[in-house]
Each structure stands twice: as structure tokens, then as C-alpha cells.
Amino acid sequence: MDEQSQRAQVFTITSGKGGVGKTTTTANIGVALARRGRTVAVIDADIGLRNLDVVMGLENRVVYNLMHVVRGVVDAERALIRDKRVPGLLMLAADQHSDKDDVSQEEMVQVCEDLRTHVDYILVDSPAGIEQGFRNALAPADRVILVTTPEVSAVRDADRIVGLVEAAGKPAPVLILNRIKPDLVARGDMMTTADVLDILRVDILGVVPEDAGIVAATNRGEPVALDASSRAGRAFHNIAARIEGETVPLMALDEAEAKGFLRSLSNLFRAGPDGG
Amino acid sequence: MGFLDRLMGRVGPASDASGRVAKERLKVVLEYDRARLTPAQLELIRDEIIAVISRHVDIANADVEVKLEQGGRLVAEIPLGRAGGGGGVTGGGGR
């Protein structure tokens, strides 16, 4: 890897609630950023419950993990596994047999420090919850990406994370709203992106539609962003573009569709006396 | 979003759709979460307010409401009992 003068930004991907798609999101943002020609290190900080390796299909190639780096067995840079499908994409696995308390916040910060001059981006996949593992993942973060689904329980937990991130003195998280089902939104049986943003009062980084392709892709260990033609894949490429400062409109999959529908209705009301 | 909200309200069926219900429930839950209050604590606060105020004036206990409003405002509504209500506990506090 080339020595770079610029230091990588650390993004921690977190959610509070488990099962909302944190790891899949981390893997896919990693793929999408690497496809843009960046060097990206994705780090699984879910010690004891390692998952990022299987989601990325790299489980058979793990030699060293985060714990080896923390204990000084190997340099962080050497512990990274290169994803052969996507040049520039590197992964550091978690240790399946250690405990979250075996790593400290200072050690996580140090691991990221060691990698900052070698890559463009570091993505830290946080464990669910708000305990030690989450705090370890949060410690090195320059930015926090909050993943939630449009469900009451997930949004409630996300709100807790917003508070904890603020309390840790980090910039306010940006939101990825995952697994939106446009048909449910259209008939009013799912909260819209606007609803969730109104409640959490954070900025939006992206919306990702529910996509059966993600299940199939994860089964195969092939992040959906490898296929930029899929709807979810495109969503992740849009997110990567926004991370790089581009202005990309949100995918038209909830309000836009619902609004389009309502707007046609609203024309009926426009003629009304209050002309709203 | 006000326009859309209004429209949703007018259109009808959407106003009680589950997505809207989810949002309203979340708003209430998060007010408690953010204030670090539980409904049980609020109930206790209500009882203590009744105890303090009823030492001085006759109030309609059953109609006393203590609630957490949006934006983290704790609001107590304390209807006074009917004058000469003779210490009636469930005095007709209007409404």
C-alpha cells in the first residue's frame, strides 16, 4: 500500500438494536467506496460474535484478527485480508473466541491510528447494544453512521444511540434507513423516511429498500453492492458518493412515491377554498 | 411536511394507518426515554402533587392529569373541585 499523506476518516456503523443490517451495511459501503477507487479497511468490532467475514465471503481467508493486532502479535496492516474481487477493499476480522471486555477503547483507537495512514477510509462495524463493545467501536470514530429500520423498536434504540454519541462528544450521527418496503409505505403501513427523521432529528445519509437480493447475496457471501444494477446495490453506491461529498438525491422509494400519489390527489383539493 | 400531514388527515384512511400509529407511539415513548421518566414515576408525581395541593384547596383528584408533552414539558392539569363540594374526592372537575 502506498504511504499517503492524508489520514483516513474513521466511520463507525452502529444501531443500538441488533438485526437491522449493520454488518451488511458496513460490507456494502466498503465495497461501494472501494469501487470508487478508494482504499477501505472494514473492521469487525463485534468481538465474540464475528460476522463481517461471512457477510463478505472472506471467512476462509482469516489468518489474523483484531485480537492479534491488539496483543501485538501482528501489525494492523498485515492482519488485513484483501478482498480479491474488489481492489482496495480490506477486512480485519473480529476474534470469535475473545470477549468484548478483552479490548479497551484506547486499544481500538490505536488500531485505527495505525491504519489511518495506509487507507482512505476505515469502517468500524459496531456490535449491537450500548455496552462496552459499542463504546469500543465508538471511541475511534470521526463520524457515526446510524442504521435503523422503520420500526418502532429499532427507532427507539436508535434514539438512544443519538444521545450516547452526543454524550461522547462526537458529531451527530447520520442516518441510513434500511429495509424500506415501498408498498407498505404507500399504503401507510410503514413509517416514511420523513417520519423517522422527524423523530430522530438527524441528517439522512441514505435509504435502502428491502431487497430479496440482499438475502441471496449474503447467503453467497457476495455483498449486494458488487452488483450495482440491483436496487439495494445502487442505494449503497449512492451512500458512498454522499460520503465523498457528492450530492445525490435520495432514491425515490417512499415519500416520493407516496407524495406523487398524494400530489395527484392534492390537485383535487387545490381548487378548494383554502387553496393550501 | 405540514402540507402532507394535512393532506393525509383529510384523505382519511391514512390517518389511522399503522405507520402513523407507529410514529405517534414512538413520539410518546421517546419523550419518556429522553426525560428518563417512566409512566410509573409520573403516577407517583401525580399522587404527590394531589397530596400537596389538596392541603390548601379542594381539587378534583380523579381529574388531575400529569403528562409529559412534546419537547420535554412536564404539564400538570389540576381542576379545582366545586365550591362547597364537601371534600368530595371525585368532584366534577368539568370536562
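A:Val162 counts as partly exposed, because 19 C-beta neighbours lie inside 10 Å; a buried residue would need 20 or more. The model is predicted. A:Val162 sits in helix H7 of chain A, which spans residues 152-167. Leaving aside residues up to four places away in sequence, A:Val162 touches A:Leu146, A:Ala172, A:Pro173, A:Leu200 and A:Val202. A:Val144 lies 18 residues from A:Val162 in sequence. The C-alpha atoms of A:Val162 and A:Val144 are 9.4 Å apart.

Helix packing was examined next in chain A. Two packed helices are described by the angle between their axes and the distance between the axes. Helix H1 (residues 22-35) of chain A packs against helix H11 (residues 231-243) of chain A at an angle of about 65°. Their axes are 8 Å apart. H1(A) is therefore roughly perpendicular to H11(A), as angles of 65 to 115 degrees fall in that class. The crossing of H1(A) and H11(A) is right-handed. H1(A) contributes A:Asn28, A:Ile29, A:Ala32 and A:Leu33 to the contact. H11(A) contributes A:Phe236, A:His237, A:Ile239, A:Ala240 and A:Ile243. By class, the contact of H1(A) with H11(A) comprises 7 nonpolar and 2 polar residues. No charged residues take part in this contact.

Chain B was described at the level of the whole chain. Chain B contains 3 helices and 2 strands. Along the sequence, these elements follow the pattern α-α-α-β-β. Of the 95 residues in chain B, 8% are buried. Contacts in chain B were also sorted by sequence separation. Among those between residues at least 6 apart in sequence, 38% join residues at least 24 apart.

How values were computed
Residues are numbered from 1 along each chain as its sequence is written. Chains are lettered from A and ligands numbered from 1 in the order in which they are written. This is a predicted model: local features need pLDDT of at least 70, side-chain atom pairs count only at pLDDT 80 or more; totals for chains, interfaces and linings use all residues. Helices (H or I, at least four residues) and strands (E, at least two) are DSSP runs, numbered from the N terminus. A residue is buried if 20 or more other C-beta atoms lie within 10 Å of its own, exposed if 12 or fewer, and partly exposed in between; C-beta atoms are placed from the backbone. Two residues are in contact if their C-beta atoms, placed from the backbone, lie within 7 Å. Axes are lines fitted to C-alpha atoms, for helices over the stretch in contact, and angles run from 0 to 180 degrees between N-to-C directions. Angles under 35 degrees count as roughly parallel, over 145 as roughly antiparallel, 65 to 115 as roughly perpendicular and the rest as oblique. A crossing is left-handed if the near helix is turned anticlockwise from the far one by less than a right angle, and right-handed if clockwise. Ala, Val, Leu, Ile, Met, Phe, Trp, Tyr, Cys and Pro count as nonpolar, Asp, Glu, Lys and Arg as charged, and the others, Gly among them, as polar.
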